[in-house]
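Q: I'm new to this one. Can you put it up and walk me through it?

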Amino acid sequence: MIRNPLRDPRDRRLPRVPEPCALVVFGITGDLARKKLLPAVYDLANRGLLPTNFALLGFARREWDDAAFAELARDAARKAARTPWREEVWERLAGGVHFVHGSFDDDNAFDALAERLHELEGSSGIGGNAAFYLSIPPGQFPVVLKQMQRTGMADSTPERWRRVVVEKPFGTDLPSSRELNALVDSVFTPEDVFRIDHYLGKETVQNLLALRFANTLFEPVWNGHHVDSVQITMAEDVGIGTRAAFYERTGAARDVLQNHLLQLLALTAMEEPVNFSAEEIRTEKLKVLRAISLPADLSASAVRGQYEQGWLAGQRVPGYRQEEGVAPDSRTETFAAVRFGVETRRWAGVPFYLRAGKRLPRRVTEIALVFERAPHLPFSDTDTEELGNNQLVIRVQPDEGVTLKFGSKVPGSVMEVRDVSMDFLYGEQFTESSPEAYERLLLDVLLGDATLFPRNSEVEASWAVIDPLEAFWAGSTPHPYRAGEWGPRAADEMLAAEGRRWRRP
Amino acid sequence: MAAAVTTLWDTNGTAVVKELAAQRRTGGAVLSGVALTLVVVADESRVEEAEEAAAHAAEMHPCRLLVVVRRQLDSPAPRLDAEVTIGGRLGPGEAVVMRMYGRLGLHAESVVLPLLAADAPVVAWWHAPPPERLATDALAVIADRRITDSSMGPDPVAALRTRAADYAPGDTDLAWTRSTPWRAALTSTVDSVAGRRGEAVRLLGGVVEGDPRRASARLLAGWLSARCDCAVDVVDSDRAAGPGGVDTVVLRLDRDEEVRVRADRRAGALITQPHRPDATVALPDRPLGDLLGEELRRLDPDEPYSEALAAATGVTGLAGRPAVREHEWFDPFQREDA
């Protein structure tokens, strides 16, 4: 930011507000745009975090004019806004809402878009700055990017910035992600590419860094001397909904393991960054991702499953193969559990168990550090029968918070030790004021702060971990599990073979 | 969770502590993670308003809420009535409303001290005319941060001078909090000028048009003078100023440029700057609870406030003062007794 005498680093009340700019959304009629992006834009405006000169441009095939689009955007924003609805805020925003219709292969439409953007530079005072949000299937990336290149929309100059926001999936394996990265980077410079992993926009994930690096209490035990194993769980109670076509090709490992879970692993296992800058944090994460190892015998340490018909939350739900749009003999996994190692001095010998699944009993994402048992207990065996491993659990969602589980004496005249947990809860009450991940990430894009966005080398390193798994699983049939259970029996056996068991989140 | 409310009539501090502990035992998990204790000093007439604001702020900042209402200081028999609630109308956390009668009001800290959350910061907020010297209220002495509201009294400008004379690091004022949206709008406008030029901007001067009798307008002008090292005055505006007392701010920049931010009376402001079309930003009047919530975000000394206060009142050396106050005994009846 260029020097402004009113800015004072000690003045923490003043919000970070982006420079005047435009946000151009491709695929504005899609689910994500309606349910997340538009509400996030409104919430940012309502919190006074959008620049004074701001324009929102939607691009899609529908034949709308600005007014019709503004109406749709208003409804979408109103329906899902987190902050209270204030009509005057929206009216102000609506003044800068524009729509360009056309298909992605239509040169005229893109010329019209480029021209519109150029007009807005003067009339809306956006100063040429623009972020392009590709809320479209990756198959359409090449054509859109080529169009942007052709019209010169993607070029950052010293006078203006142009950024692009890409949603997952970032490819389907290492070669395809390399291809995609090469394509995006050839049109935009790598610093101008923002890959959204919305998990990184969550408060608890950022708090993980604070917990680890702002305290003295945890870091001394945050290593293989004290940690027995790490369990990272991402459970969803929902099925695949209307995403059958996408999910059939993708499966749980590519859908969430490759990005969300590996990012959580990287943040849990990384070394302390030299400072809290985008570059340094990404450097440390990349080191961890590159240090991930798979066991030699994958059959004993990688399990995939597929849900069958069952009961969940008091309702009968169909099996995966019975979902609409799914092949009756589908071999796509809806559950994946893997044991990774992290080959560093800090983590040598500590297994990292990752699991992700759909139609599990409840929606929960958490990171659990399971500590070693005490090497010696001065109590008799019967005193400590109920004592388990100490655990430190970071709950990412829902009920964001941290739990510490340790043994405590049961009140009474005999010595009995039992596990109790101590809870720090961001709390239902407080989450109300904590911004939605998309809000935070969108703001960071407009500010040009890349701290919470994975770099393409991270994406590639993650695929390098997933690809051998996919190769191993290819052609095999997933283990069935009932909807409403914690995954297939084989996943439990995988841990039992090593004398451990999954935590029930 | 159902709210638990217990009212204790004519009680004492020990009973209140016991009742709070009893409710904690039955209350469950809502109580974990208390970040601070908020002590609210309120007049009987403003208790409801203060409670509502504090409950709102408590949703953003988990805290234990202690409301102290001093009544009938001249009543011959000291008496304490207390209401202990958890997870009810006073927000998600623990709250105790205490009404103190008679000379107990001069010793409120004797009830409050054992109720403070262990080793958590203490914030005191006067939703009432604060004492001229905060040190005469023992609650100010135990608090790490003290929040007053200069805009409450009949003469806000005199109140600001009083606050400047009495200032110690850790003091803050809601009149200052009210200026934050204005300061944000001005800062981002200057950001946008700097962005357009591609180089630094210098402020040569400016003027705040509004109501010179309002504390927020004075502090805003004070802040601008402190930041640009030049005098910025508050002058009467041609129309009645809004609730904060600010109607328009004009900043003179180098290169003969000028920016102007003018309230549009629809919870927004119109921004005029060279080489750019006019734009509007949100500039809402925030409810008391939001203001309090902003204050609770940070508990370290607010240097920009002390500089703005110094510039607005002409009192110097604020930042160098010791952060700790020592209690000064003050008895409002002593003079009459003598």
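Q: How many disulfides are there over all chains?
A: Zero, by the rule used here. A disulfide is a pair of cysteine sulfur atoms within 2.5 Å.

Q: Before we go on, what kind of model is it, and how are things labelled?
A: It is a predicted model: local features need pLDDT of at least 70, side-chain atom pairs count only at pLDDT 80 or more, and totals for chains, interfaces and linings use all residues. Residues are numbered from 1 along each chain as its sequence is written, chains are lettered from A and ligands numbered from 1 in the order written, and side-chain values use heavy atoms, without hydrogens and water.

Q: How do chains A and B meet? How many residues does each give to the contact?
A: Chain B gives 52 residues and chain A gives 36. Contact means heavy atoms within 4.5 Å. The two chains bury about 3600 Å² between them, with 56% of it on carbon and sulfur atoms. That is the accessible area (1.4 Å probe) that two parts lose on being put together, summed over both.

Q: How many salt bridges cross the interface?
A: Seven. A salt bridge is a side-chain nitrogen of Lys or Arg within 4 Å of a carboxyl oxygen of Asp or Glu. B:Arg227 and A:Asp8 meet in a salt bridge, at 3.2 Å from N to O.

Q: Which element gives the most to chain B's side?
A: That is α7(B), with 11 residues. Helices (H or I, at least four residues) and strands (E, at least two) are DSSP runs, numbered from the N terminus.

Q: New topic. Which residues does the cis peptide bond join?
A: A:Lys168 and A:Pro169, with omega about 5°. A:Pro169 lies in the loop between β5 (162–167) and α6 of chain A.

Q: And where is A:Ser177?
A: In helix α6 (residues 174–187) of chain A. A:Ser177 is buried, at 1% relative accessible area. Beyond its neighbours within four places in sequence, its contacts include A:Phe170 and A:Trp463.

Q: Last one. What about the phi of B:Asp119?
A: Positive, about 55°, although B:Asp119 is not a glycine. B:Asp119 is exposed, at 84%.

Definitions and conventions:
Buried < 20%, exposed > 50% of the residue type's maximum accessible area, 1.4 Å probe, protein only.
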